[in-house]
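Subject: Structure handover and notes

Hi,

Here is the structure I promised to pass on to you. Please open it alongside this message, and you will find my notes just below.

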Amino acid sequence: MLQFMNVFGIWLGVFFTFSIFSFLYKDNPFYKLSEQIFVGLSAGYWFIYTIYYVMIPNLFSKLIGDFNANAILLIPGFLGLLMLLRIIPKLQWISRYPLSLVIATTAGVSIVLSLQTNIMQQITATMFNPFAAETTSQMIGGLLLIIGTICGIYFFYFSKKQEGLSAIPSKIGIWFLMLSFGASFGYTVMARISLLIGRLDFLLKDWLHLIK
Amino acid sequence: MILTLIIGIIVIVSEFIPHPPFGRLTQTFESWFLIIFGFAIILGQISLVQVNLNKISRREENWIYHLIGLISLFVMVVFGLLWGTLETGGLLGQGESIQAAIGTKPFDYLFDNVYIPLSATMFSLLAFFIASAAYRAFIIRSFESNLLMITAVIVIIGRTSFGSFLTGWLPERFSFFHIPLLTDYIMEFPNTAAQRAILISAALGVIGSSLRIILGIERSYLGSDK
Amino acid sequence: MKRCFLLFALAVFGFSAFAADIFNILDKPWDEGTELLIKWDLSSVIDSIHISRADSAGVLGIVHVSRDAKGEFTEGKLQPDTTYVYSLIAFLRSPKTSDHVYLSKTDGSALIVTSRQFTNLPDTLKTTLTIDSSPKYVSILKAEGFPTRDWFNRKKLPLLFLLLVLSTGILVFIVLAHRGTDLFIRRINGLDAMDEAIGRATEKGKPILFVPGIGELDDIQTIASLSILSHLAYKAAEYNTNLIVPCKTSMVLSAAREVVKESYLRAGRPDAFRNEQVFYLTDDQFGYVAGIDGIMIREEPAANFFLGTFYAESLILAETGFGTGAIQTAGTAQAHQLPFFVVSCDYTLIGEELYAASAYLSRDPQQLGSLKGCDFGKIVLISMIVIGVIFEISGSTWFTSMLNMVE
Amino acid sequence: MTQDLKKTQFERRIIFLTLFIVVTLPLIFPLGLKTEITPLVQNAYDMIETAPDSSRIIISFDYDPSTITELQPMAQAIIEHCWRRGHKVIATALWPQGASMADAAFSFVIENGYKDKQYGVDYVNLGYKPGGTVTLQALGRDFQTIFPSDMKGTPISEIPAMQGIAKLGDIDAVMSLSAGDPGLMAWIMVASDKYKVKVSGGTTAISAPGFLTYVNKNQQLIGLLGGLKAASEYEKLIGVKGKATVNMDAQSVAHVLILVFITIGNIKAFRIRRKTRNAQMN
């Protein structure tokens, strides 16, 4: 039985692998089937995952274990229940309260967080002396880094028409963006090809035993 | 809604005050949200079932597939509830006899043999798409698109085994143009510059939007007030 | 008698001042009162030191071991507003003849000190040691620490300052806009093309697909995406074109549904709205993508919009969409995914353009004002970088290090 | 318009099919393309190579199945290298699934020519411990409290390979194969910075650049393996044509293929442009 289930499992994997690959040719019943199974199965997976790994450890077991110490958790529990009221059309408006609590908090957190990590740290990292570099190429690189950052930010300056003199830094900004996009694209190719190799490995090794 | 204003300001202020109860406020809220989001996921499931049931009952095109989707959802949830997952038991305990027969719990069996292959294969489609996108888009056209293409090509070559051989004959003096080194150089300087510019300006955008949310100007996420 | 007392007082004062010099415990400033900074400074003939903390019963437990004669470490996870007693035990390494061991006498035991500390000692406290063959000389010192809670984290002062400057800028422009000042915003390419894309879809009688990304509702990108959706849904309702919005999480679903419903209402066509237009697929990243791919292939929407947070799925969506011949507009602030959108979509909103979009589309003065405020912020930041670089080149680092106080 | 669309779809299918075939073939029939050894990989190799005989080396398996394509070949090559040099390998894991990754790597190397290596003597798997940096710091004070026993429950005092190891400082070198946090960063901060143990690391290609700054004159990090390419270089250094070499062949061929696609695309675009220009002239 165990042996059979193992082999069957591999065949299942192979079936779904090919079904998804078949999509590259065109839409077909196999893809439709695996698409819906994927959607259903994954929704079920995350549902179960949330119950066992989020709700039970963070809410229920705490409340059951030591109610008095964790009574404050009743608040998010209650807000969560309010969310569920969305199901009832007449009471939909209530769910706005937890929603705005969540969003207001996030807004506050993201202001501080993006100020700190994305602005403060990035601008201080850009403040260095490019002429202190050891080699010429490092020096040019440093200059490029500073100029590129400034022009890149200017590219996103919306208050002025990009023509005449003011178009120059924003043009340079675009060049840097394009260069960066090209580099990221090229850099990602490797990772994406290895995903395919990983899948082919499964087919050739676990299924066909063609390779070690 | 005055609520957003008050909460937003408290959260920002708490960042600068280590003294309780402000110091740990953000963490507390975050753990709360986990719970609220947990409830929300149930909402999603209900919506999924509703939409699919509608399609099935109206015998819409491809309804049979939606039925199968519903069944897989149901099967996964039932397996999970009855026998639990790798680390947790379910309503019927650990299901030892089933584990003995199929090697793992039914939930994990489906996870390993259906979910993982589906997910990994879907992900691996990227290999094909990155090839077709490169074929179509990397065409000599304007100066900007050439810049994009040339850097991409250099980096693609630089990341292979023979990228180093292609320019390996260059004398020491020109080692800068050695493709793997050139790749690193591009990644280190111009690329960082652009990434930084995007980060900084997007962060400003985030601050602007967040302020609008806190002030109650941006409220489209709530829908109408009526 | 008097003289004797004076001498004693001097000795005590001298000793305590100098003991604090060797073993010192400070409250870590600007924190929530859970950390103490422990410093020591001993002669280099020290082999190792142990620092122990007395628990409530007075039993010592080692909290730090070091081989450095001089150093400091931070002890965390303490109770605020509580007195902690620490003791330092120093072990002497077997002295070489070249070593000068300086000792200070206290009640019974002796302390190993540096030569500098030794010179500063009152004579009464100086003592000499005959180095014997057993080198395990031990000196013990005690000190107390009191972690306090603070009301302000001064390290974040520059951050607060910058926050105030930027938000004041934004607020000022919002107020200005509110008063009716005309604010100019330059063209943003992808956004002008949106209406055109909707028009194309209407002509062909095909639906429009809007994907709000895989972010939760607490992601600002998702919210920016939803405010663009509000504009698009309005247009779609006007043109009477079908709009499809698949969502990854139920929170986004509820919000998106509200947004679309409200837009249809605004366009005067509440009857045309159906709940099934906006639906939930699955919380799973690739499951979601598989579902959308299916929709694109089967419904063949004439215009696709991918706006919001995207990760690896960006290219899968954009290429599949390209295969169906749709006009595609994408926008994300996810820097790593931008290249893929740029390469395979017709229009791409890069980074901040996504956030600027709702202001641009709605022409709502308050939103335009905040966008202007952000532009002001850009000028501030660019000038800061320039100033910083100039300071660095001129060799002074105070500007950068001041900003760097933020940990 | 639809004609155009059909044509593009046809072209795309050809691209997909070619890519599929071209990546599959080198996997079945390895090409053995040459690789140039980069300094960082050489450093990592030298760390193991120059360690005194029967050194005790920790390999930390700080990853899970999602990154095995890149990190598992490194694990296998390093284990083989250690054994060849007569070192003892101690496996730890900061990621929950790392322990089973370690088991898989050990049994793979044993299957391939090291059947004489004994568990407990030549290698030991201590299993997963949560806590990252904090755990490692505790390890610096005392091994026994963090790892009282190995994965099978044998007390470490009874494991020959663990004799004489009281704290992290008694280890000769650490190799962290790391897919994220906690991982290599924690080892650098604790093992290297604090306890002066030699540390090298292996990461995915994507995260490798972030660690470059630690390869400095303070030797916070001795060597660094970044991705499949580095793994294949390591295999070359120990003279094995392993998984990484084979995969790297496929990888390189795919890259070339994409370049070929780009070239064809450009030739096509050039032709069309010339045709339209000629048409305009007439």
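Which residues does D:Thr67 touch, not counting residues up to four places away in sequence? They are D:Ala179 and D:Thr204. D:Thr67 itself is in the loop that links strand 1 (56-62) of chain D with helix 3 (68-84) of chain D, and this residue counts as buried because its relative accessibility is 14%, against a cut-off of under 20%. Please bear in mind as you read on that this is a predicted model.

Strand 15 of chain C

Of its 6 residues, 6 are buried, so the strand is largely enclosed by the rest of the structure. In a regular strand, side chains alternate between the two faces of the sheet. Here both faces are covered: C:Ile327, C:Thr329 and C:Gly331 are buried on one side, and C:Gln328, C:Ala330 and C:Thr332 are buried on the other.

Which strands pair with strand 15 of chain C? One is strand 14 (residues 303-309) of chain C, which pairs with strand 15 in the parallel sense over 5 bridges. Within that pairing, C:Gln328 is the bridge partner of C:Asn304. The chain gets from strand 14 of chain C to strand 15 of chain C by way of helix 8 (residues 313-323) of chain C, in a right-handed β-α-β crossover.

Another is strand 16 (residues 347-350) of chain C, which runs parallel to strand 15 and is joined to it by 4 bridges. There, C:Leu349 in strand 16 of chain C stands opposite C:Gly331. A right-handed β-α-β unit is formed here too, made of strand 15, helix 9 (residues 338-344) and strand 16 of chain C.

Helix 4 of chain C

Strands 14, 15 and 16 of chain C come up again with helix 4 of chain C, whose buried residues pack against them. Those buried residues also pack against strand 11 (208-213), helix 5 and helix 10 (352-362) of chain C. The buried set consists of C:Gly190, C:Leu191, C:Ala193, C:Met194, C:Ala197, C:Ile198, C:Gly199 and C:Ala201. An α-helix has 3.6 residues a turn, so residues three or four places apart point the same way.

How far apart are the end C-alpha atoms of helix 4 (residues 189-204) of chain C? They are 23 Å apart, which agrees with the 22 Å that its 16 residues should span at 1.5 Å a residue. Helix 4 of chain C also has a kink of about 25°, centred on C:Asp195. After the helix comes C:Gly205, with a positive phi near 70°.

Backbone and cysteines

A:His209 has a positive phi of about 50°; it is in the segment after helix 6 (167-207) of chain A and is exposed, at 60% relative accessible area. C:Asn240 has a positive phi near 60°, and its place is the loop between helix 5 (220-239) and strand 12 (243-247) of chain C.

How many disulfides does the structure hold over all chains? The count is 0. Among the cysteines, C:Cys374 counts as buried at 4% relative accessibility, and D:Cys82 counts as buried at 0%.

Enjoy exploring it, and do write back with any thoughts.

Best wishes

Methods: Residues numbered from 1 in each chain as written. Chains lettered and ligands numbered in written order. Predicted model: local features only at pLDDT ≥ 70, side-chain atom pairs only at ≥ 80, totals over all residues. Heavy atoms only, no water. Helix = DSSP H or I, 4+ residues; strand = E, 2+ residues; numbered from the N terminus. Buried < 20%, exposed > 50% of the residue type's maximum accessible area, 1.4 Å probe, protein only. Disulfide = S-S within 2.5 Å. Pairing = 2+ DSSP bridges. Right-handed = clockwise from strand over helix to strand, strands pointing away. Expected span 1.5 Å × (residues − 1). Bend = angle between axes of the 7 residues up to and from the residue. Contact = heavy atoms within 4.5 Å.
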